Amino acid sequence: MPLSEHEQRLFEQIERSLAEDPKFASAVRASDPRFHARRRLLVAAGVMIAGLALLVYGAVIKTPPLAVAGFVVMLASAAFAVQSHRRSQSPDLHVVGGTTSRRRPRGRSGRRPSILDRMEDRWRQRPEGHR
């Protein structure tokens, strides 16, 4: 059922007042999963650079345990970055433009579908008599 002109004007006025509220904008931004995913990736990149510095420093002063520790830090931060990226791509509910929506499954985006996706499609489209 469409809104009347009066309701539409009220709705737009409420929308504008909410957009101008800095507390509301920061609360919405803080609940955006993309914001958290980006922050986790930046933290992982920073820790990876620190691990590389530790690795180089340990190699320069010829202290193998320090160099190994730097490598382990780099490896752990890379694993954290990959996990964070995968979690941000998961098909859970995500905030998109201020509204929640369900993301498309992983093999169905712009790229070519995987063999499992094609087999699943064939299974769904099979004739009804062949079960």
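Me: What makes aspartate 121 and arginine 124 about one helical turn apart?

Reply: Aspartate 121 and arginine 124 are 3 residues apart in helix α5, so about one helical turn separates them. As for the word helix, helices are DSSP runs of H or I with at least four residues, strands are runs of E with at least two, and both are numbered from the N terminus. A word on the model: it is predicted, so local features need pLDDT of at least 70 and side-chain atom pairs count only at pLDDT 80 or more, while totals for chains, interfaces and linings use all residues. Residues are numbered from 1 along each chain as its sequence is written, and side-chain values use heavy atoms, with hydrogens and water left out.

Me: Why is the contact between aspartate 121 and arginine 124 called a salt bridge?

Reply: The term asks for a side-chain nitrogen of Lys or Arg within 4 Å of a carboxyl oxygen of Asp or Glu. The closest N and O atoms of aspartate 121 and arginine 124 are 3.8 Å apart, so the pair meets that limit. Salt bridges with shared partners join Glu120, Asp121 and Arg124 into one network.

Me: How do you know that glutamate 120 forms a salt bridge with arginine 124?

Reply: Here the closest N and O atoms are 2.3 Å apart, and the limit is again the one for salt bridges. Glutamate 120 and arginine 124 sit 4 residues apart in helix α5 (residues 115–124), so they too are separated by about one helical turn. The structure holds 2 salt bridges.

Me: What makes serine 84 buried?

Reply: Serine 84, in helix α4, has a relative accessibility of 1%, so it counts as buried. Of the 131 residues of the chain, 14% count as buried.

Me: How do you know that serine 84 makes a polar contact with arginine 40?

Reply: A polar contact is a pair of N or O atoms within 3.5 Å; within protein, one must be able to donate a hydrogen and the other to accept it, and residues adjacent in sequence count only if both atoms are side-chain atoms. The side chains of serine 84 and arginine 40 make such a contact at 3.4 Å.

Me: Why are α3 and α4 called roughly antiparallel?

Reply: Axes are lines fitted to C-alpha atoms, for helices over the stretch in contact, and angles between N-to-C directions run from 0 to 180 degrees. Angles under 35 degrees count as roughly parallel, over 145 as roughly antiparallel, 65 to 115 as roughly perpendicular, and the rest as oblique. The axes of α3 (residues 33–60) and α4 (residues 64–88) cross at roughly 165 degrees and come within 7 Å. The two helices are therefore roughly antiparallel.

Me: What makes the phi of lysine 62 worth a look?

Reply: Most residues other than glycine have a negative phi. Lysine 62 has a positive phi, near 55 degrees, and is found in the loop between α3 and α4. At 70% relative accessibility, lysine 62 counts as exposed.

How values were computed: Buried < 20%, exposed > 50% of the residue type's maximum accessible area, 1.4 Å probe, protein only.
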